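This report concerns the aromatic contacts and nonpolar cores of a protein model. Please consult the sequence and the structure while reading.

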Amino acid sequence: MPNYATHFPPPPIHGVSLKPPYTVPTPDELVAERGEIRRHVPLARRGAGGQDTRLAGTYGHPTLKEKHPDDNDDKPEVENVRRADVTLDSAKAKWAATKDGFKPEHIQKVLSLFPELVYALNLHVQILQDPCTVLTIRDVVQGIPDWKLLDPEHHAFARRALPVTEEELKNQEWVGKKKKEDGDAKPTANETPDVEPKGTGNGQSKVNGQANGNGRAGTNGASKADGTHEDGSSDDVDEMDDDSTPEERAFADSVLREMKVLASFRNASGKPNGPLQPLGVDSWKQLEMCTEVEDQGTPDNWIPRSQTLHRLTGKHPMNAEADMSALFAAGMITPTKLHYVRNHGAVPCLDWDTHMLSVFADESLLTEAVFDEIPGLRDFKPRKFTMDDLGGKDAVFAAVELPMTIACTGNRRGEVNAIKRSAGYSWGASAVSTSLWRGALVRDILLACGLKLELNYHGRRLYLHFEGADTLSEGKYATSIPLLHVLDPHHDVMLAFGQNGRVLHPDHGFPLRCIIPGFAGGRCIKWVDKMWISDKQSTNYYHIWDNRLIPSRVTDKKTLLARALFHHPDTGINEQVLQSVVCVPAHGERIAVPRDEKAIYTVRGFAYHGAGLAVQRVEISLDGGRTWKGCFRQFVDEPLRHGTKHWAWVFWSCDVQYSELLNGKEIVVRAWDACKNVQPERISWNILGMMNNAWYRVKLAFDGEPLALTAKHPIAPGAKAGGWMAPPDEDKSEGRKSGDEKTFTLDEVAKHASDDDCWIILDENVYDVTSVLSWHPGGARAITAYAGQASVDTTTQYHSIHDKYADSKKDECCIGILSGAGVKAMREDAKRAEADLQKLKKKRDGLAVMPDTFCFAKLKSRKEVSKDTRLYTFSLPATEDGKPGRLGLPVGKHVVVAFHFKDQACTRSYTPIRPVLPEEEDGTFDLLVKTYMPNAVFPPGGTMGNFLDVLQEGQEIDVRGSTGDIEYLGKGKFNIEGKERHYSKINLVAGGSGLTPHWQLIHAILATEGDTTQVSLIDSNKTPDDILMRDELERYARERKGQFSLWHTIGADSKPDGWKYDAKHLDEKMMREHLFPAEDDVAAFMCGPPGLIANAAVPGLKAMGFVEGETMFGF
């Protein structure tokens, strides 16, 4: 049998306008419109339980003193759950005990304005509109507890997200605030802006710039080829006098061995395997530790996600599935980072310490009349539970941990859409995953609230509703299921707080989600904060209009019949469908044909079912379904629950001879369940594309020399082109309609590539950005480098660093869209850019910082260099084997630093001043950052600088790299915008914190033996105290006189006694005196405030004869 790949046991918001509550029409109202709908009168159902039924998961719990509430009606109730206000009290106590790093004045300022801010994390609008009080980033960072730092056990891997936006801080009103109509004065050459600049250098913006560690290993239904089991035992089968062929006899032996495995199953206890684990070295194997660049402009910017997931709905919201080969190879317990993600909107930013679960019943049920009808509700009392109540060390309820498979109802919808477009996007076959879910049984929670409803209850139908904390365009996401299903102890319905040994990942419901074993993923509500009993089914918009199996004849959701069927209780999808999928051979796999046609190839895949029904048989066919070959199953550890329930998938395998593959044209798989139902042969189209479980077919075709077979799955990974199922005709049209927008060709765009007439392409739209060049914080060159170019690099660099303000200014410049031919060319360029990215990632393999993802870095130390400048040392993540991480930043390149607001990330580019050379690597890096403090002119102050200035040791930032178009290769050789150049002399013009990229270059040249490149630097600052790294620069000037020359200039009003340098604005005369004259082998590089660069450096250098893009460049 196949040797399955081992898997790593994984561990383990955002304003939206709401529509009015959705009103569900009654059948009479629908009939009044047109047509007739027959009422359905349900028959009374009898439960399977009785007086002997026990509360699942509570027997033996310390609070019950070895007794059970159902054993004797005279026994006292479960001890009351802690009151709701304990959440705030405990959170306050925890914070008070650990808030030494918080400054009292900031805490008092925030709390005096918003008493519940620290706990509810809900900033009220009035503070941002009060001109007498201005809230700064410093107040927010210092006044709100960082639970990731204070409670790491329950806030393991998500980044900290501040409950405000940068816009809200900057757009506050304050006394004397200058209005836009007052005009904006341009800074002079030596002036530093009061508002923190963005971008490269040190704040200038630039466009271009199967073993299982937790004991849950799989159980294989078959054995080794020699007839022995993994434990060394053998199967001694008496000789049988029959006419079986050797192949048939071998197959029969495998069947007998599988029977022994099935007979060995014991009922799973559900006992958790130790406490939830914090982050550790093994986290890299189980979790994604980096945030993605494409998420940084979305409300989900704070969530680490795997790049290997195939995103199906663009950047936001996140809907993604793993590559099928990676999913299968990971093993029977899916690593959290590979678990499929289904989100309808932004992920709510919640925390363990303040999250509450409210449990209640409709008020209409809490009356004497109802109590007489339903006595089991009489003692029911609403409760509120903290997360510590549910899953803390002293939890009220006994935790249960079980392997359970969850699948999206739209799994394999891509095949449905290939027949005819449905109302959903094209999932492949990987929208399914299996995790170890840990939680409190919902039955136990309801009984603790006083519910005493027996399973043989007779009366009106009751439902349990679940609602999540996410806020969507159509309101909250909620659903309901029959209450008796929850109360049945054989159904294991839980509120999960753990996944794969750690707290839940935000994408999967942190801190609390509902898990209903055997049910569709759409019923397993995430971020649960409300749970209530009702005698009515859910009228939630998403309960009505999603997760429905509508007959194929309905093709329009707006018809009367469609509305009736969407509201009909029998179209709702609860239990998952019987499903099987081929994983090996993978899509695109070339199967080399050996010389021995009797050699064996093993076909593999997975299968699952809903309602706890076992997948009892899996078969494959190589002749279109005329004959079938039996497969052998592999199970998770302890797959059986309550004697009959199977909550997790099975893996299957089947050995076939290569001759059989050569004679077949496809591999088809089907599964049978415990009721002897089998998957259908053909796809049944429906308007939502739900529940497709037709035979899964992999086509085989001969391919090239040497002879091989190529496998094609129906849908290629990520719903891309390449699957054997062709898209329907309506999806084959090319090009796009421009409507009233003007269309431009690439040739037309290319004509506008100068400083006086600058067009660029972003996201296939055309922008005239000529008016931006004069004020762009990163200087004109940052934009003109892409003027007129048909390159996706412009879009990539823009989205990696710009914010909503930049987006608003960009929109003002949009003049039209790109032509169809232009779009095609751009997409070809996208392939080139992807190839370049992969090449760069391969080059940086093994380094901590990568160009397309953000890793975390922890503050190790902070040193005050001057009144507004700090030296920060950050620790990089260790490698998987525990060694210090390496920065590996090329000389001349930058890193992008980020932290997280509730709507998007705040990003700035900085140049580390250490390490510069490989021998300086020690697992840390230094940033020298100038902080633009809150002042009378701009009370909010600079965002990033003030954020860094109030960080405590151990708190985190995000960092990625390298970025920038300039790289120093050594001995005068540069790579600039992809072109190699050589200069023997280098002029440097710096201003303020713009010195840092120049320092990197100076240090690399002067500290490298044999590098004779000559360097001359003019450093411009307001005062002598503002000069960064003065001692280091002047030491180099003394020791390397003749190779390095240094000149300072400061403001005239700040000249001290004995000052030997200039005290005036930078001008052409100064540059001619202290810089090398323009020659072919002389280059000039600039970095500093926009006023210095645009008004002094660029005009002066041009007058000296330097040519922009040839001998003059900006970092």
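The model is predicted, so local features need pLDDT of at least 70 and side-chain atom pairs count only at pLDDT 80 or more, while totals for chains, interfaces and linings use all residues. Residues are numbered from 1 along each chain as its sequence is written, and side-chain values use heavy atoms, with hydrogens and water left out.

**Overall make-up**

The protein contains 29 helices and 47 strands (DSSP runs, numbered from the N terminus: helices are H or I of at least four residues, strands E of at least two). Of its 1115 residues, 56% are buried, that is, under 20% relative accessible area, with exposed meaning over 50% and partly exposed in between (1.4 Å probe, protein chains only).

**Nonpolar cores**

A nonpolar core is a set of buried Ala, Val, Leu, Ile, Met, Phe, Trp, Tyr and Cys residues joined through side-chain atoms within 4.5 Å. The largest comprises 68 residues, and Leu446, Leu495, Met531 and Ile533 have the most contacts inside it. Another core, of 55 residues, lies apart from it and includes Val584, Val615, Ile620 and Trp649. Contacts of methionine 531 (heavy atoms within 4.5 Å) include Leu357, Phe360, Val442, Leu464, His465 and Leu495, where residues up to four places away in sequence are not counted.

**Aromatic rings**

In the whole structure, 30 aromatic pairs are found. Rings of Phe, Tyr and Trp (its six-membered ring) pair if their centres lie within 6.5 Å; planes under 30 degrees apart count as stacked, over 60 as edge-to-face and the rest as tilted. Two of the pairs are tabulated here.

| Pair | Centre to centre | Angle between planes | Class |
|---|---|---|---|
| Tyrosine 541 and tyrosine 542 | 5.3 Å | 80° | edge-to-face |
| Phenylalanine 874 and phenylalanine 925 | 5.7 Å | 25° | stacked |

Phenylalanine 874 belongs to strand S35 (residues 869-875) and phenylalanine 925 to strand S38 (residues 924-930), so their pair ties together parts that are 51 residues apart in sequence. Both phenylalanine 874 and phenylalanine 925 are buried. Tyrosine 541 is partly exposed, at 24% relative accessible area, whereas tyrosine 542 is buried, at 9%.

Ring pairs also join Tyr968, Phe974, Tyr983, Phe1085, Phe1113 and Phe1115 into a cluster.
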